[in-house]
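Trainee: I would like to go through this model with you, one question at a time.
Mentor: Go ahead.

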Amino acid sequence: QGVYFQYLYDQYDIATNQWQVKTEYPVISNEDNGFSKPAFTLNGKVYMVIGSELWLYNISENKWLKINTAPTYFYFAYVINDKAYFIRYNQLWEYDISSNSWNKKLNASSIHKSFVINNKIMMLKSTGEFNSDKEIYNVWEYNPQRDLWFQKSDLHAKQAHQLISFTTQDNGYIVSESELLRYNEETDSWKSFDYPANFYLG
């Protein structure tokens, strides 16, 4: 097995510590330049929105196949219970792999960052307000089973040029140049951890 990166030029095999050149993803036209190309993996295949089209990459055959159009451009993609959820600004779309169909879901607030925890999508939106030296973000939780949004505890984070998000061990994390913030879903609370020194997030 290998780790596949978004553009799929190369495959990295962890066991052998080797790179292997793979088929490049298809370029539709200049319309997809400057846009994210969100992708996800499921059942040994990679799915990617390129411009306004949805493509499937078969890892074993090293081939691309266009399988559908996309309702809009997207920035994020997550898989929950064998369905993919794509996000652009306040739009949320569900892609059903079994029926190869798109379903529009309940809109959210415009977002700045998101992550998935316990089969729920967490979205952060800056309020543009500050408490002392910390920027305030509204936090919303999306429940796919109920197609509903629930507001959670605000995040107060040091002002940063860029935020990175990830999930591990049932906790969500936000990383900036100067601090690490951990979200606990059970207590609906955030905890901040300072770094010994600031660093640049490229």
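Trainee: Is Trp55 buried or exposed?
Mentor: This is a predicted model, where local features need pLDDT of at least 70, side-chain atom pairs count only at pLDDT 80 or more, and totals for chains, interfaces and linings use all residues. Residues are numbered from 1 along each chain as its sequence is written, and side-chain values use heavy atoms, with hydrogens and water left out. Buried means under 20% relative accessible area, exposed over 50% and partly exposed in between, with a 1.4 Å probe and protein chains only. Trp55 has a relative accessible area of 14%, so Trp55 is buried.

Trainee: Which side chain makes a polar contact with the side chain of Trp55?
Mentor: A polar contact is a pair of N or O atoms within 3.5 Å; within protein, one must be able to donate a hydrogen and the other to accept it, and residues adjacent in sequence count only if both atoms are side-chain atoms. Trp55 lies in strand E6 (residues 53-58), a strand being a DSSP run of E with at least two residues, numbered from the N terminus. At 3.1 Å, the partner is the side chain of Glu53.

Trainee: What separates the C-alpha atoms of Trp55 and Ile67?
Mentor: Trp55 and Ile67 are twelve residues apart along the chain. Their C-alpha atoms are separated by 5.6 Å.

Trainee: How many bridges pair strand E13 with strand E14?
Mentor: Two strands pair if DSSP finds at least two bridges between them. Strand E13 (residues 120-131) runs antiparallel to strand E14 (residues 134-143), and Met123 stands opposite Trp140 in E14. The number of bridges is eight.

Terms used:
Helices (H or I, at least four residues) and strands (E, at least two) are DSSP runs, numbered from the N terminus.
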